Amino acid sequence: MDSSVHLDNTVMQFGDFTAIQQTDLTIKSGEFFSFLGPSGCGKTTILNMISGFIDPTQGDIKIGGKSMRGVPANKRPTSMIFQNLALFPLMTVAENIEFGLEVRGVSKSERKKASDRLLELVALEGSSTKRVSELSGGQKQRIAIARALAVEPQVLLLDEPLSALDLKLRQHMRTELKAIQRKTGITFIYITHDQGEALTMSDRVAVMSAGRIQQVADPITLYRDPHTAFVASFVGENNGVSGKVIEANSDFVVLDCGPLGKLAGRSQGNVAVGTDATLFIRPENFRLQAEDGMHTLRATIDEVNFEGAYLTLNANTPANLPLSIQLGTHQFSESLKKGAPVSLSYNEQDAIVIAGGGHV
């Protein structure tokens, strides 16, 4: 069954405010797709258009190739899991799961078969008679998923459903959600501001800012090859160094970075000689020992943080540019302390140069 979702030149306006700029995007059938961005970027508005809670001002939403224009939310082949889960506290687990089926007139025996099957899917067999108040946070998440899947949607919409959980439970539920999506083969559309969630679970991610999709790609591509300064800064931690382009070809760009000297990196998009650009270097791409062909920045350590598997150094350059450096703990030495000078090297293929004088 085709469960693809197509935003067909979709625009959403609220009065004079354009919440979603013109967007043309296809989410593939059976894909785990995430919209990632800061609060207010428009990602929940897109989810509400897909679900049918609001209609786009322009364009169309298509599910399985069929236009959803004018189709109410309760008639669309979608199901949604809200941030607060919206479970019914006075009902049992089974009654929560079966609620949508009961509304549709499904027989009691068929409802029970469905709830038993779904409890097995979410690894909560034997919980059917429990009250919601007896469940842990992670169990409630699983019941919300089971209830949403009970009506056999083509598309499952998830609006930041893990945001209220503690860190370890969030990490565990990421794995659970991905496993459930793989078992069911349903198209999952996930909304989050947490890049860890998006990168861990998704087949592809759309990074949004101010109502516009900045880039759509698989997680590895987003991290290694961001197309815009916003994506480079928002997805993972990054160090941005501004400069003037003095050399450029199809592969590499050299910047004059003033007090920091000449630095180079891979070109991303059209970066022309004489223009301003920003060089982005991930904290983990710095080295303390330079090798042939590496570029070097000199800095002074402001702070050393031990974080178990790695060290994070906060440093400052002669240009008063703060830098973040991540090193394996095996590289720790007594010389790495506040106020100590440090020489930071990187390979130019590990840095990205994006047009624009400054980063977000």
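Residues are numbered from 1 along each chain as its sequence is written, and side-chain values use heavy atoms, with hydrogens and water left out. Because the model is predicted, local features need pLDDT of at least 70 and side-chain atom pairs count only at pLDDT 80 or more, while totals for chains, interfaces and linings use all residues.

Select residues 204–209, which make up strand β9 (strands are DSSP runs of E with at least two residues, helices runs of H or I with at least four, numbered from the N terminus). Six of its six residues are buried, so β9 is largely enclosed by the rest of the structure; buried means under 20% relative accessible area, exposed over 50%, and partly exposed in between, with a 1.4 Å probe and protein chains only. Arg-204, Ala-206 and Met-208 point one way from the strand, whereas Val-205, Val-207 and Ser-209 point the other way.

Then show residues 212–217, strand β10, which pairs with β9 in the antiparallel sense over five bridges, with Gln-215 opposite Val-207. Two residues separate β9 and β10 in this hairpin, and Ala-210 in the turn has a positive phi of about 50°.

Finish at Ala-123, in the loop between α3 (108–121) and α4 (137–150): its phi is positive, about 60°, although it is not a glycine, and Ala-123 is partly exposed at 44%.

Methods: Pairing = 2+ DSSP bridges.
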